[in-house]
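Please find below a colleague's note on the structure shown here. It is arranged as numbered points for reading beside the model.

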Amino acid sequence: MKIWLDGGLQDSESARVSVFDHGLTVGDGIFETVKAVEGRPFALTRHLDRLARSARGLGLPDPDRDEVRRACAAVLDADPMPLGRLRITYTGGHGPLGSDRGDRGPTLVVALGESARRPDSTAVITVPWTRNERGAVTGLKTTSYAENVVALARAREQGASEALFANTVGQLCEGTGSNVFVVLDGEIHTPPVASGCLAGITRALAVEWTGAKESDLPLDVLERADEIFLTSTLRDVQGVHRVDGRELPGAPGPVTAKAMRIFDERAGHDLDP
Ligand code: PLP
């Protein structure tokens, strides 16, 4: 596989990043996962906007958008595949041990992996740990994902593919790598960004395209929602057929199925919505 590093394509087996890279030593980095359909990135402009917002939030220099676009095109050209996932990683770069950044500037890596369409529905669990809706990096897509790794492992142990968090005041927030929607009396609701969730790109499109409302929701809404679905770059819109011990027979239900159809139709026509 080819990856993009230091301004050009390199072989992924031999490419080298400093062992003192701040992304590695202290998790000082940001990233984006971008879906690529038949070699073409989906919603890349929105991903570049969020990458820039995350960079500003961490006090990193703005990523060079032209370089990131060129890097995505180059890795996609180098390894054609029907459905891919681009991973853009941008870190504080080589630095001294400790939390101060070095002065060599950021590291940019763009890599490509294969992806596959996810099942129409999945099982999720809730976890007892909370998202902090008022943290210094809340809402930024940082590489500090250890909490998500732990929660996802808990989900896997229980035969689920996602773990959902509440925030510190007990409101439904998001999953380890997805946003969550619930259907109540035919209306679609999703937690607002103020709940501490990531401003997911699929979430924003789903809100625009289905008219879903952004609402503060207690975690126990999951016990009574008529339908639940997840959104993310790699899941698109995916129904939930079990949450903890509760089965939701027939998932994806009619409202979720409609949201899936709308998403497939629109996203299929517009690669940069
Ligand atoms: N929430 C978290 C914590 C995520 O990591 C992700 C995606 O990776 C999402 C939500 C969904 O965001 P998007 O739709 O932009 O992929």
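1. Basis. The model is predicted, so to speak of local features a pLDDT of at least 70 is needed, side-chain atom pairs count only at pLDDT 80 or more, and totals for chains, interfaces and linings use all residues. Residues are numbered from 1 along each chain as its sequence is written, and side-chain values use heavy atoms, with hydrogens and water left out.

2. Helix H2, length. Helices (H or I, at least four residues) and strands (E, at least two) are DSSP runs, numbered from the N terminus. Helix H2 covers residues 44-58, and its end C-alpha atoms lie 21 Å apart. Just after H2, Gly 59 adopts a positive phi of about 75°.

3. Buried means under 20% relative accessible area, exposed over 50%, and partly exposed in between (1.4 Å probe, protein chains only). The buried residues of H2 are Leu 44, His 47, Leu 48, Arg 50, Leu 51, Ala 52, Ser 54, Ala 55 and Leu 58. An α-helix has 3.6 residues a turn, so residues three or four places apart point the same way. The partners against which the buried residues of H2 pack (contact: heavy atoms within 4.5 Å) are strands S3 (29-37), S4 (40-41) and S5 (83-91), together with helices H3 (65-78) and H5 (201-210).

4. Cysteines. With a disulfide defined as a pair of cysteine sulfur atoms within 2.5 Å, the structure holds zero disulfides. Cys 173 is in none, and the nearest cysteine sulfur, that of Cys 197, is 5.4 Å away. Cys 173 is buried because its relative accessible area is 1%. Cys 72 also counts as buried, at 1% relative accessibility.

5. Surface patch. Patches are made of residues with over 30% relative accessible area and no salt bridge; like charges are joined within 9 Å, and nonpolar side chains (Val, Leu, Ile, Met, Phe, Trp, Tyr) within 5 Å. Val 19, Phe 20, Leu 24 and Leu 97 form a nonpolar patch on the surface, with about 440 Å² of accessible area together (Shrake-Rupley method, 1.4 Å probe; for residues, only the protein chains shown count as cover). Leu 97 lies in the loop between S5 and strand S6 (107-114), and its relative accessible area of 64% makes it exposed.

6. A salt bridge is a side-chain nitrogen of Lys or Arg within 4 Å of a carboxyl oxygen of Asp or Glu, and the structure holds 14 of them. One of these joins Asp 236 and Lys 35 (2.8 Å, N to O). That pair links distant parts of the chain, with Asp 236 in strand S14 (residues 236-243) and Lys 35 in strand S3, 201 residues apart. Both Asp 236 and Lys 35 are buried. Arg 131 and Glu 174 also meet in a salt bridge (2.6 Å, N to O); Arg 131 is in strand S7 (residues 121-131) and Glu 174 in strand S9 (residues 172-175), 43 residues apart. Arg 131 is buried at 9% relative accessible area, and Glu 174 at 8%.

7. Lys 213 forms a salt bridge with Glu 187, the closest N and O atoms being 2.6 Å apart. Lys 213 is in strand S12 (residues 213-214) and Glu 187 in strand S11 (residues 187-190), 26 residues apart. Lys 213 is partly exposed at 40% relative accessibility, as is Glu 187 at 36%. Salt bridges that share partners join Arg 131, Glu 147 and Glu 174 into one network.

How values were computed. The expected span of a helix is 1.5 Å times one less than its number of residues.
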